[in-house]
Amino acid sequence: MLTALNMTVSILKLRIGSFIALAALVGVMTSEGVLDPARALVFALAVLGASGAAGGFNQYYERVRDRTMARTRNRPFASGLLKAGPIWPVTLAALLAASLLMAWSVGGTLATFLVFLGAATYGVIYTVWLKSRTVWNIVIGGAAGSFAVLAGAAAAAPQFGPVIGPVPFLLAAVMFLWTPPHFWSLAVARGEDYRRAGIPMLPVVSGPEVWGPAIFSHALVLVALSFAPLLFGMGWIYGLFAALGGIPFVLAAWRLMRDSRRTNAMRTFRASLAQFALLSAGVILDEAARWVF
């Protein structure tokens, strides 16, 4: 049972999917409308399912390339534990369809379309078209997470008024800027893996004099932008958590720009995870404080 559960988490990339679902909840909570907790949970599960379908397709499509990378060679499709066959694309397509139907049942047409765009961006645009072709792969692929924020905001949109307000748009932009330095710092640490696989991530095709400032500038701009929601009604709790997550991320990226050792790259990678988690927690706690007080 535990083996099957771990395999499901791996195939569907549910660790990444949980961040995407959290991004959707952030969109729900910063919308100018209201979505009751039960419907918000259903919508988040729908986003998790759609993200899982895209992640599963990514693993199926990349199964041969994954065998060349130490980080991915033990994935079920890459290792041969699961045999390739038409059943997998059909099953993943069915999961995506069921997830979109679930999203539509509680969030409406626009929100569902945005969920679909997020899954399509990662599963098709990033995986099939961009990943092996261009250094811009993860930059454009970063839009997948941004769509989740916008989808959550659209799902909770008020009957009258803007469908998506300024705060979700700002946080979607933060998410878009977050993805490249997150994956670029990992590519610095695992550069040989990406070279063997022929994936032109920025740290693979350029030196630290290029990717160092790119990672730092992305981190600096996204953290600065993460404070902009304070101008549109977010409270001090949100600002505190934005600082707690953002400042260490910028400092880690600065150290990596000055010293390109693998240990600094992994510190930046972990700092990016903490920044996203703390920013999301700030949104949730700030909104919860409004309900209580």
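Predicted model: local features only at pLDDT ≥ 70, side-chain atom pairs only at ≥ 80, totals over all residues.
**View 1. Thr268 sits in helix H14.** With a relative accessibility of 0%, Thr268 counts as buried. Look around its side chain and, leaving out residues up to four places away in sequence, you'll find Thr268 touching Ser185, Ile215, Phe249, Ala252, Ala253 and Leu256. Trp254 is 14 residues from Thr268 along the chain, and the C-alpha atoms of the two are 9.0 Å apart.

View 2. Helix H14, running over residues 262-292, is the biggest giver here, with three residues in the patch. Arg255 belongs to helix H13, which spans residues 236-258. How exposed is Arg255? Its relative accessible area comes to 40%, so Arg255 is partly exposed, since that label covers values between the 20% limit for buried and the 50% limit for exposed.

**View 3. Ser226 lies in the loop between helices H12 and H13.** Helix H12 covers residues 208-225. Setting aside neighbours within four places in sequence, the contacts of Ser226 are Val174, Tyr238, Ala242 and Leu279.

Note on methods: Residues numbered from 1 in each chain as written. Heavy atoms only, no water. Helix = DSSP H or I, 4+ residues; strand = E, 2+ residues; numbered from the N terminus. Buried < 20%, exposed > 50% of the residue type's maximum accessible area, 1.4 Å probe, protein only. Contact = heavy atoms within 4.5 Å.
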